[in-house]
Amino acid sequence: MGLFDLFKRKRMAKSSQSEVTVSFEMPKSPHNYNYPWDKRRPSSNSDYSNAHFLCYFKKPRPMSNDPDQFARAVSYNLHIYDPIRRRNELLKKGFLRLSNPEEILSTYKVAELKEILEKHNLPTTGTKAELIPRIVTSIDAKRLKLQPMCQLSKKGYDFICKVNGCQDT
């Protein structure tokens, strides 16, 4: 054991005695504002916020109940602090609708579609447009276990056009 080894041991002993504390609390705002995703604040129910929220569903979107699925920007920019509840309300009112299996499968990549076909011993050749009908006609939708998705309905599209001033409906 040399002089340097003795020095290393003393240094290690000193470093193991110090404690490191990490805080996971959110920093306090100097302006005393609540955070935009704070559910205690009232949500906006304006036509503007609803129309822009509906624009998110122009393509089929997963029906997850995980609040982190929705960007916090939705809460901040549109003042909708419970996007899951808002989505469910708009679904009940008919502005959104549940996607059918073809629409859900259209969100998958070709490799994912071919994987489904392989599992069910079906031919995997062809384009995405050929694979989707093959899956839908050959496999029962319940056996596919597709994640439910919702998307904009005709009523929702008309509402967006009315709010944004679209010419075509």
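I take helices as DSSP runs of H or I, at least four residues long, numbered from the N terminus. The model I am reading is predicted.

**Entry 1: salt bridges**

I looked up the salt bridges and found three. Side chains of opposite charge can pair when their charged atoms come close.

I started in helix H4, residues 83-92. Glu89 and Arg86 both sit there, three residues apart, about one turn of the helix. They form a salt bridge, with the closest N and O atoms 3.6 Å apart. I checked accessibility next. Arg86 is buried at 6%. Glu89 is partly exposed at 32%.

I then went to helix H9, residues 154-164. Asp158 and Lys154 are four residues apart there, about one helical turn. Their salt bridge has its closest N and O atoms at 2.9 Å. Lys154 is exposed, with a relative accessible area of 53%. Asp158 comes out partly exposed at 28%.

Next I noted Arg97 and Glu103, whose side chains meet in a salt bridge at 2.6 Å, N to O. Arg97 is partly exposed at 31%. Glu103 has 19% relative accessible area, so I log Glu103 as buried, the cut-off being under 20%.

**Entry 2: Ala51**

I moved on to Ala51, in helix H2, residues 47-55. Is Ala51 buried or exposed? Its relative accessibility is 0%, so Ala51 counts as buried.

Which residues does Ala51 contact, leaving aside neighbours within four places in sequence? I found Phe159, Ile160 and Val163. Val163 is 112 residues from Ala51 in sequence. In space, their C-alpha atoms are 6.8 Å apart.

Methods
Residues are numbered from 1 along each chain as its sequence is written. This is a predicted model: local features need pLDDT of at least 70, side-chain atom pairs count only at pLDDT 80 or more; totals for chains, interfaces and linings use all residues. Side-chain values use heavy atoms; hydrogens and water are left out. Helices (H or I, at least four residues) and strands (E, at least two) are DSSP runs, numbered from the N terminus. Buried means under 20% relative accessible area, exposed over 50%, partly exposed in between (1.4 Å probe, protein chains only). Contact means heavy atoms within 4.5 Å. A salt bridge is a side-chain nitrogen of Lys or Arg within 4 Å of a carboxyl oxygen of Asp or Glu.
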